[in-house]
Amino acid sequence: MKKKLLIFLILFIAIQTVLAQRDTKPIPQDNKMEWWRNARFGMFIHWGIYSRFAGEYHGIRQQGAGPEWIMNLMKIPVQEYVDTAKNFNPTKYNPDAWAKMAKDAGMKYLVITTKHHDGFALFKSNASKWNVVDATPYGKDLIEPLVKACHKYGLKLGFYFSQAQDWVNPGGGVGPKKASKGYANPDSAKIDAFVNANNGHWDVAQTTANYDEFLDKVSIPQLKELMTNYGKVDILWWDTPATTNLQQALRLEEPLKLQPNIIVNNRVKKPYERGDYKVAEGKVPAVAELDGGNWEACATLSSGWGYLTPKYNGYKSHESLIRMLIDIASKGGNFLLNVPPTPDGEFDAGSQATLKAFGDWMKKYSVSIYGTQANPLKEVSWGRITAKGDNKGTNLYLSVFNWPTDGKLKLEGLKNKKLSAKLLGTNTPLKIEADGDDILISGLPATAPDKIASVVELRTPEKLKRTFKATKIGYFTG
């Protein structure tokens with residue numbers, strides 16, 4: 001009897017611990033999104049079996065989309081692709097190092113591809129053996145230790161999940177592309193004929209179930225696993241909804257009720273009218289496209305979302321990426337920057353250098369990013385502006401890309417005489433003078449304190465806020 005009671009108590013405590021890690025009651029939408037809006041900057045991670053290919057198949061370079069699409073673009077047979085998992089053994093995987101690098105770069109949340117379009121799950125799944133525990137020599141769940149690392153470093157955690165596309169589990173969507181897209185395949189005509197006759201599938205193994213069966217047997221059960229096995233989940237990042245209709249979308253959303261305060265993007269189905277925020281992939285929308293709603297731009301720091309062999313890879317400049325973050329914040333959005341790990345589980349030298357550059361800049365100027373709102377003034381030619389209001393007025397953060405040779409910055413639309421300005425980093429006070437209906441900030445040093453973007457803080461007693469024209473959610477997504 002005592003033994004049974006002890007077992008019961010252990011189970012009870014375990015259940016209570018899991019429930020305590022999850023939100024059990026929903027909070028209002030605006031409150032739910034508050035931390036997300038304040039964060040402004042997060043890390044995206046694309047990692048999986050495709051990392052082993054690194055952009056090449058049988059020595060042939062993949063063309064077309066990113067390296068995470070290699071199975072589809074190069075029409076790799078299902079069994080051949082599955083067999084590749086025998087070589088996926090990321091023994092250098094260090095989730096603690098990943099989370100620390102994200103935090104040191106100034107990122108506030110992390111989103112990882114728990115399952116991309118090839119259907120390979122980075123977690124233990126009872127719904128499909130096509131997962132890291134059952135299909136690889138590594139044999140361990142990759143998500144669980146990353147969850148712990150994110151908690152350790154105070155990062156919010158998001159799960160990317162390819163809900164509709166799955167190129168290995170039968171019945172999954174395929175996002176059909178011609179065989180010639182990946183490379184000059186000599187069998188392109190034959191493969192394309194099969195693709196056209198089989199709803200985009202290129203392997204008969206993919207056709208042994210339909211889409212609804214795939215949802216019921218694989219996708220929805222895996223979502224339940226993600227929503228129950230890892231404590232509190234802060235973000236669910238859908239992708240490429242394929243042919244998903246409203247009824248199917250509602251079925252996919254059902255497991256999310258297990259995490260009532262989870263934040264969800266708008267890609268569960270087309271048109272993109274569902275979700276908490278909209279996504280711009282690989283681009284920053286123009287101000288004219290925005291409506292003041294929650295939005296996020298995602299981009300990768302190198303040539304691909306997935307890992308590419310060094311001979312194909314190229315890294316975007318630190319200047320362009322940091323200025324992209326500032327541009328996005330000035331328009332009221334978040335920036336999700338992708339870092340593709342190596343197949344062994346490391347961030348390579350180029351990725352680490354980029355993250356360090358962000359960290360160096362954010363240590364000086366993060367106040368101009370975190371918790372800010374969109375620029376309430378007219379756009380300027382010399383940089384970008386973010387705003388942060390309180391009960392007594394507004395701080396405007398002027399991120400200067402093009403440093404003025406005459407030591408002066410011009411701003412339109414500010415007439416209040418009780419203005420003050422200082423140069424962040426040095427806290428050097430600056431002069432403000434009227435210039436007709438505009439103002440001039442003068443006294444800037446001859447050279448920019450920061451080559452990428454120096455920041456001037458301008459204080460006004462006015463409560464400034466940008467107004468947007470309402471438009472439909474998700475219009476700028478691809």
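Some ground rules come before the structure. Because the model is predicted, local features need pLDDT of at least 70 and side-chain atom pairs count only at pLDDT 80 or more, while totals for chains, interfaces and linings use all residues. Residues are numbered from 1 along each chain as its sequence is written, and side-chain values use heavy atoms, with hydrogens and water left out.

Helices (H or I, at least four residues) and strands (E, at least two) are DSSP runs, numbered from the N terminus. Two strands pair if DSSP finds at least two bridges between them. On that basis 8 strands form an open sheet with parallel pairing, in the order 7-6-5-4-1-10-9-8. At its edges are strand 7 (263–264) and strand 8 (278–281), each of which pairs on one side only. Inside the order, strand 9 (residues 295–300) and strand 10 (residues 334–338) run parallel and are joined by 5 bridges. Across that pair, A297 stands opposite F335 in strand 10.

Which helices lie on this sheet? Here contact means heavy atoms within 4.5 Å, and angles run from 0 to 180 degrees between N-to-C directions, with axes fitted to C-alpha atoms, for helices over the stretch in contact. Helix 8 (residues 143–152) lies across strand 4 (109–115) and strand 5 (156–161), at about 175 degrees to strand 4. Helix 10 also packs on the sheet. The strands touched by helix 10 are strand 4, strand 5 and strand 6 (235–237), and its direction makes about 170 degrees with that of strand 5.

Next, the cores. Buried means under 20% relative accessible area, exposed over 50%, and partly exposed in between, using a 1.4 Å probe and protein chains only. A nonpolar core is a set of buried Ala, Val, Leu, Ile, Met, Phe, Trp, Tyr and Cys residues joined through side-chain atoms within 4.5 Å. In soluble globular proteins, nonpolar side chains tend to be buried together. The largest core here has 102 residues, and M43, Y81, I112, F159, L236, F358 and W361 touch the most other members. Helix 10 (residues 211–228) gives the largest share of this core, with 8 residues. A second, separate core has 22 residues, including L377, L396, L398 and L414. To go back to I112: beyond its neighbours within four places in sequence, its contacts include W98, L122, F159 and Y160.

Now the aromatic rings. Rings of Phe, Tyr and Trp (its six-membered ring) pair if their centres lie within 6.5 Å; planes under 30 degrees apart count as stacked, over 60 as edge-to-face and the rest as tilted. The structure holds 23 such pairs. Take Y81 and W130: their ring centres are 6.1 Å apart and their planes stand at 65 degrees, so this pair is edge-to-face. Y81 lies in helix 5 (residues 78–84) and W130 in the loop between strand 4 and helix 7 (132–135), so the pair ties together parts 49 residues apart in sequence. Are these two residues buried or exposed? Y81 is buried, at 0% relative accessible area, and W130 also counts as buried, at 5%. Both belong to one aromatic cluster, with W47, F53 and F347 among its other members.

R267 sits in the loop between strand 7 and strand 8, and it counts as buried because its relative accessibility is 4%. What does its side chain meet? The side chain of E281, in a polar contact of 2.9 Å. A polar contact is a pair of N or O atoms within 3.5 Å; within protein, one must be able to donate a hydrogen and the other to accept it, and residues adjacent in sequence count only if both atoms are side-chain atoms.

Strand 13 is joined to strand 16 (residues 438–442) by 4 bridges, with L409 facing I441 as its bridge partner. On the other pairing, 5 bridges join strand 15 (residues 428–435) to strand 16, and I432 has I441 as its bridge partner. Strand 15 and strand 16 form a hairpin with 2 residues between them, and G436 in the turn has a positive phi of about 65 degrees.
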